Amino acid sequence: MPEIRVTPLGAGQDVGRSCILVSIAGKNVMLDCGMHMGFNDDRRFPDFSYITQSGRLTDFLDCVIISHFHLDHCGALPYFSEMVGYDGPIYMTHPTQAICPILLEDYRKIAVDKKGEANFFTSQMIKDCMKKVVAVHLHQTVQVDDELEIKAYYAGHVLGAAMFQIKVGSESVVYTGDYNMTPDRHLGAAWIDKCRPNLLITESTYATTIRDSKRCRERDFLKKVHETVERGGKVLIPVFALGRAQELCILLETFWERMNLKVPIYFSTGLTEKANHYYKLFIPWTNQKIRKTFVQRNMFEFKHIKAFDRAFADNPGPMVVFATPGMLHAGQSLQIFRKWAGNEKNMVIMPGYCVQGTVGHKILSGQRKLEMEGRQVLEVKMQVEYMSFSAHADAKGIMQLVGQAEPESVLLVHGEAKKMEFLKQKIEQELRVSCYMPANGETVTLPTSPSIPVGISLGLLKREMAQGLLPEARKPRLLHGALIMKDSNFRLVSSEQALKELGLAEHQLRFTCRVHLHDTRKEQEMALRVYSHLKSVLKDHCVQHLPDGSVTVESILIQAAAPSEDPGTKVLLVSWTYQDEELGSFLTSLLKKGLPQAPS
Amino acid sequence: MAAHLKKRVYEEFTKVVQQQQEEIATKKLRLTKPSKSAALHIDLCKATSPADALQYLLQFARKPVEAESVEGVVRILLEHYYKENDPSVRLKIASLLGLLSKTAGFSPDCIMDDAINILQNEKSHQVLAQLLDTLLAIGTKLPENQAIQMRLVDVACKHLTDTSHGVRNKCLQLLGNLGSLEKSVRKDAEGVAARDVQKIIGDYFSDQDPRVRTAAIKAMLQLHERGLKLHQAIYNQACKLLSDDYEQVRSAAVQLIWVVSQLYPESIVPIPSSNEEIRLVDDAFGKICHMVSDGSWVVRVQAAKLLGSMEQVSSHFLEQTLDKKLMSDLRRKRTAHERAKELYSSGEFSSGRKWGDDAPKEEVDTGAVNLIESGACGAFVHGLEDEMYEVRIAAVEALCMLAQSSPSFAEKCLDFLVDMFNDEIEEVRLQSIHTMRKISNNITLREDQLDTVLAVLEDSSRDIREALHELLCCTNVSTKEGIHLALVELLKNLTKYPTDRDSIWKCLKFLGSRHPTLVLPLVPELLSTHPFFDTAEPDMDDPAYIAVLVLIFNAAKTCPTMPALFSDHTFRHYAYLRDSLSHLVPALRLPGRKLVSSAVSPSIISQEDPSQQFLQQSLERVYSLQHLDPQGAQELLEFTIRDLQRLGELQSELAGVADFSATYLRCQLLLIKALQEKLWDVAAPLYLKQSDLASAAAKQIMEETYKMEFMYSGVENKQVVIIHHMRLQAKALQLIVTARTTRGLDPLFGMCEKFLQEVDFFQRYFIADLPHLQDSFVDKLLDLMPRLMTSKPAEVVKILQTMLRQSAFLHLPLPEQIHKASATIIEPAGESDNPLRFTSGLVVALDVDATLEHVQDPQNTVKVQVLYPDGQAQMIHPKPADFRNPGPGRHRLITQVYLSHTAWTEACQVEVRLLLAYNSSARIPKCPWMEGGEVSPQVETNIEGTIPFSKPVKVYIMPKPARR
C-alpha cells in the first residue's frame, strides 16, 4: 500500500526550528531547516541524527525546501548542509535566497561574537551553503528529478514567503510554511488554487484566535505611537530586521508624511539597509498598492526613517526606534529596552509573537521585575503594548486556506499543542477532513490510493462515445476493451487491436441454449409468434424475421425446431456470442417464461 | 417628397442648377449598389486559393452593404459556401452571413432555410459554431416570428450533444436568446420542446467543460433578462456550482443565485444538516457572502457588488456581515470598535494606554465556536480588507446601498466606513467618504469616529479634502466637543492648504446651521471674549477668523440668544461679512440694530407660497396680451419682465423659472417691437438704416432661444416646441427684413427655400404637438404651405409679414423643475498684478478651477475660451477626467489651459471664460432622409454654436521674446 509519511523534527506541537520530513512515493523531502529562539544548546537545531542513523543525508534526502527567510525556518541550514553534510539541492524563492544569508550572518555574529560560542558555523559555511540553493519563481513547476516536482505559491507573511506543493505522480503534499490570509501594507494575501493535495501541512500559530480587522490594529498602533511621541516619550518597537519591520516602516512613514511630523524615526542599522535594498528590488512580490505606485515612487525609499546609531538612545526628546531582535531576547533591542524601561513616559510596542522564555514574553505576560544577567533586577516602568502585527493566518484564515486547497487530510505544525487540539477538532468537524498533529519525532503515516493513469486509444474512445451519451462523472459506463500492460505502461485498446498487437487470431465464442415450449403449432408459425412477441417486448432492438424461418435479435439467432419424439413441445434454439451475453441471457429468461397466448 | 415634386413642376428656370446637383448626387449612390454583389461574385470566382478568397472576403467585409442588395450578396456567398472546401473560408462566409443579416431594413427569414441546411451538412466544429452564431443573429432580428424561433431552438437542441465546446456554447446562447417564453407558446405540438428550455439548459450546468457550464448559466440569465420566470429548482443547481473549480463558472453562478433570490425572496429553503428552514433570500445572501472570501478576485468583486442590491435580507443576517466574533486563545474578545464605543459611553476618552485594554474576556465554549460559518458572518469585514482594491470598492459600494435602505445597519457599518478612510488607495478613501455622505442622514458621528474622520483633513489630495468637507456639511455631530474638534481641524486644514478656503467656509456654514445648540456654549471661547476684559479685535481679513464667524453667524440664525454673547466688533464684522460674503452669512435679527436685510429675511422664509403665486399671476397677466394695443402690450411685457427678474433675484428657488419665462417674454417683446417699426410701411430701399433694429432684434431672439433651449436643465418637449416656434418667428422676421433691405432676388430665393425647409422640418418633428399650437404663427403658416411653396419670394414675404402680425402669442407652459446653468470661475481669480511670464512661442499652463451648476453632460458641452487682446479667440476642450461631480446637479472643472502667443512689448490681459456648446440637431432624432445611409458619427458631436455662461476672468500675461 503506498503511503505518505510525515515526521516533524521540529515545529511539531511547537513554534520554532521548523523542520519536517516528508516521504512521498519513495521520495524524501525536508521542509524547512530552522533554529529555535528559546534554546542556546543543542536543542536549538533539529535533531538530524534521526536521519543520519541510516546513512548520509544526501543519500537519504531528495531535496530541501525553505519556505521563507525567518531564522526559525532557515537558521539551521548552514549547520545542516556544511557541518552535518548535505550536498543535494536546496530550493527557495529568489527573495529568500537574497535575504537569507544576511540573516544567517547576523545570527552567526550574535552567537559567535557576542556569546562567544565555539563550534558554530562560519561565514564561509554560509556562503558554501548558499551555493547549493536553487531559486524558484512563483507558480513555476520545478522538476527535482524525473518524478518529483515542486511548485511555489504566494504566501504573504514576509517578502518571498512561499507555500510549496510537492508532487510525485498523482500524490501531492502542500506545505504552507508561514502564511497570511489578510493582506497588509506591503504584502498581499496567500493564495492557492484548488490543487486537492493528499496532505496539507499547515502552520497553526494562531489556531485559537480570530483577529480583528487589521485597520483597527493599524489605527491603534499609529495612535499609540503618536500620543507617546507628543507627550515627549520614546517608543521602542522590537522587530525582526525583516518582515514586519518593513510593514511598520511603511505605515509610520506614510503617517508621518500625512501628519507632517518631525519626530525622528530610527531603524537599527546593519542588515536593514541591505534588506531594504532587496525590498526595493522585489516589487513583484509586494501588494497591489506598491506594485502600482512604484513607478512614481518606490515605497521602500523612506524619507523619514533614518539609520540608528547607538549613541542616539541617550538623546533627549521623543523618538521612535525600530530595533532588532523582535523578542527582546538579545542584541540592540534589549540594550535600548534596558535604557528606557525606567521611564513611564516611554513605551515599548511588541508587534509580534514572543516565544516562551524571552524577555518579550515575560513583559507581555505582565511581569514588572525582570531578572537580567548578573543577578541584576530591572524594574519595568515603561508602558508595554502588544499589537498583533505578526502576519500569520488566524483560525479563520487557516480554515479558509484549507477550504481553498481542498486536501484529503490536514497536518498541523508550528503551533502550541493545546491550541492545535482545538483547531484539529474544528477541522474534522466542519470540513470533514482528517487532521493530524504529530509531536517532534512522531511519524504520521497516511495511506494513499494513487490513481493509475491508463491510456485509451482514440479509436476506441470515439467508438464508445458514438454509441451513447457523453460520459458523466457520476454515472460510470461500461466499456469493452483489452487492457495491455507493457513496461509499466497501461493502455486500453479495442480487442481487435489487442489481438493484432499480440499476433493472435480471434476466436468466436457462442453460447447456445434450448428452450422447450409447449406448443402444438408448426415451426414456422411458432417462429412467427416468437418474432411478434419479441418485437413487442424489445422495442429498441432490431428484431428480424429471416426467410429461412429463424428470428434474429441483433446478432442473436433463434430457431424453432420440432423434436421428433414429442409433437406437443417445440424447442427454441437460442445462440449468442459472448459479447451479447447480457441480451442473450435476458432473451432466454424471457422465452422461458413462455409466449403469451395468441389473441384468438 | 410629394411637396418636393410639386415644387419642381412650378419652379423657375433659375433654380434648375441647384436641383440638378442634388440629383447627380443621388444617382451616384444608386449606381454603386448593383455592382456590389457582382464585384464580389467576380472576385470570388477569380480566387484561386482559399487564402485569396479569404482576402477578398475580408476586403468585402470592410464596406457596408445597402439593404436592397443584401439578398443578392447572400445568395452569392451561399453559392460559394457550397463549393468551398476550406473551413476557414466557410467560417468567414458564415460570419459574413451573420453580419449581413443584421443589416437594417433587411429581413433575414429568406436565408434561414439555407443557413439551417448548410448547418446540417457541416463537419467543422468551428464553422458550426459560427453558423449557429449567424442563426442567433437571424433569430434576434425576427423576435416576433414564433415559428422561426421554434425552429432555431430545435436546431440548437439537436447540436447540444456536439463534442466541441464551442458548438455547445453557441447552442446554449441560442437557447438563452430565443428559447420561448412559457406563456406565448401554444400548449400542443411545438410546446413540448419549448416548455423545458430551462430544463435543457439546466442539464448543461454539469457539463464537463467549464466554458459550457458558464454558457449555460449565462443562457439562463439571458432567459431571465428576457422576462422568463426562472424555476426555483434552479437555485439548488446553482448553489452546487458555487464550489466549481473555475472562476468564470462561480462568477456566473453568483449572479444566477442573486437573480433567483430576487425572484423568490420569501420562499423557504431547508438548511442542510439541520431541521431548520430559512427564507431563500437569506440563504442566498449567506451563500453570496461566503463567496466574498473566494479564491478568485473576480468572483469576490462580483459577490461584493451583488450584496449591495439584496435589500430584502432580514436585518439579523445583514448585521452578521459586520460581525466576526473575535477570540484570542479561545477566549472571547471584543473588537476595537466595541471597545471604543464602550469607552465613549463610559465617558472616558479612549486612551489606548491602559494595559490589557484588549485583554480577552470570558472563555469561549470550544464546541460552540464555528470557524467557517455558512452564514454571512464577517463578509464585509473580509471584503473591506481584501487584497484587491477593486473588491474593497465594491464592498464599500454595497455597504452604501444597504445602509441607505436600513438605518440600523447604517449605524453599525459606520465604524467600518470610518476605518476605510485610512485605506492606502486614494480611490477607496474617496469612495468611502462619498458613501458616508450619502448615508449621513441616518447616522450621528461619535467623537472618536469624528476624530478619525477629521484626521483625513490633512490628506494631501485635494479631492479627498473636498469630499470630506462635503461630508462634514451634512454630518450630525453629537457633542459640542465634536463641533470644536471639527472647527479646530478645519482651521488646521485652512492654514495647511489655504486654497481650501471657500470649501471650508461653506462647510462651516452648514456645520453651524445644523448644530446651533452645540455651537452656543462654544461662542465665548471661539470669539475669545472675556467677561471682564476687552480683548484685542481680531484681524478681519484673517480667513481663519472669517471661518469662525461663519460658523457662529449661521448657528445664530436659529438661536436668538446667541447675539447677546457677541462683542461690539463682532457686530461690525457681521455687517461687513453680510455684505461681502452674503452667500455664507445669513441675515440675522439682531437686537437693537436695524438692518435692512433683517426685514427681508423673514419675508423670504415665510412667503414661499405667495411668491410662487405671484409668479403665476404675473404670467397669467401676460395672457391678455392679445387683446391689448401694441403700446399696452409692450408696457405689460416690460413690467412683467422686470417683476420676474426681481423675483428671481430674491427667490433663489424660483430663479430658474423666473429667468426662463422672462427670457421668453423678452423675445416676445423684441418681436413686437420689431414689428412696430415704421419700416414696414415705407418702401424698402429708403430705410436701410432703420432696419438695423429689426434685424438686431431677430438676431437677439435667435440667441435667446438657443439660451432657453440649452442653458436650462429640465426643459421638456413642450417647451422645446415653443422655443423652436419662437425661433421660427425670428427667422421669418429675418427673412422679411432681408427682403426689404436687399435688392435683387437671388439671395432671397435661397433664403426662402431654406425657410420653407425649416417649416417643413418643424412640422415633421413636432407633429404631435401641433394641436397645441392653435392659432399660432406656425398653424397659419402650415395652412398656407401649399400656396407658399408655389409663390414667388416676394409674395412669400408678404404673406409672412401679415401672418407674423396676426399670429397669437403662445403661452409657455412651465416645467416642473428648471434651473439655469451657471458657472463661476474660482481660479484664476483675476486679481493678480503680477503677469504670468513666459517665453513667446512656448506654452504656459494656467490652472482653471470652476464650479458648474445644473449643466447637463458637462464633459461634452463645457468649453474654455481664451480671448487674446488682438481678438484672437481660442477654444479649449477640457478632458472628461477634469470634471468631478461633487453633488447632484453640480460639477467641478479643474483643468489646465495652455496659453501661448507671440512676443508682446508689455504685459496685457487675456480673458478666460466658459462656454456652453450646443448642437440643436443632437437633441432631435436623426433626419429620416439620412436613415439607411451612413451617418458619420461626427455630425452628432459637432458644435453648432456656443453660449458664454460665466463671467470672464482676466489674466495678466506677458510673453517675452525668446533670448538668443
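**Charges, rings and a surface patch**

Guide: In this predicted model, the charged end of Arg465(B) lies over the ring of Tyr497(B), 3.7 Å from its centre. A second case is Lys509(B), whose charged end sits over the ring of Phe510(B), 5.5 Å from the centre.

Visitor: How many aromatic pairs does the structure hold over all chains?

Guide: Over all chains there are 28 aromatic pairs. One of them joins Phe308(A) and Phe312(A) edge-to-face, at 6.1 Å centre to centre and with 80 degrees between the planes. Phe308(A) counts as buried because its relative accessibility is 5%, under the 20% cut-off. Phe312(A), at 26%, counts as partly exposed.

Guide: In chain B, Phe660(B) and Tyr712(B) also form an edge-to-face pair, 5.0 Å centre to centre with 70 degrees between the planes. This pair links distant parts of the chain: Phe660(B) lies in helix H34 (residues 655-676) and Tyr712(B) in strand S5 (residues 712-713), 52 residues apart.

Visitor: Are Phe660(B) and Tyr712(B) buried or exposed?

Guide: Both Phe660(B) and Tyr712(B) are buried. Ring pairs may also join into a cluster, whose members include Phe45(A), Phe48(A), Tyr79(A) and Phe120(A).

Visitor: Which residues form a nonpolar patch on the surface?

Guide: The patch consists of Ile452(A), Val454(A), Leu483(A) and Met485(A), which together have about 410 Å² of accessible area. Ile452(A) belongs to the loop between strand S22 (444-447) and strand S23 (455-456) of chain A. Ile452(A) counts as exposed because its relative accessible area is 57%, over the 50% cut-off.

How values were computed. Residues are numbered from 1 along each chain as its sequence is written. Chains are lettered from A and ligands numbered from 1 in the order in which they are written. This is a predicted model: local features need pLDDT of at least 70, side-chain atom pairs count only at pLDDT 80 or more; totals for chains, interfaces and linings use all residues. Side-chain values use heavy atoms; hydrogens and water are left out. Patches are made of residues with over 30% relative accessible area and no salt bridge: like charges are joined within 9 Å, nonpolar side chains (Val, Leu, Ile, Met, Phe, Trp, Tyr) within 5 Å. Accessible areas come from the Shrake-Rupley method with a 1.4 Å probe; for residues, only the protein chains shown count as cover. A salt bridge is a side-chain nitrogen of Lys or Arg within 4 Å of a carboxyl oxygen of Asp or Glu. Helices (H or I, at least four residues) and strands (E, at least two) are DSSP runs, numbered from the N terminus. Buried means under 20% relative accessible area, exposed over 50%, partly exposed in between (1.4 Å probe, protein chains only). Rings of Phe, Tyr and Trp (its six-membered ring) pair if their centres lie within 6.5 Å; planes under 30 degrees apart count as stacked, over 60 as edge-to-face and the rest as tilted. A charge sits over a ring if NZ of Lys or CZ of Arg is within 6 Å of the ring centre and within 35 degrees of the ring normal.
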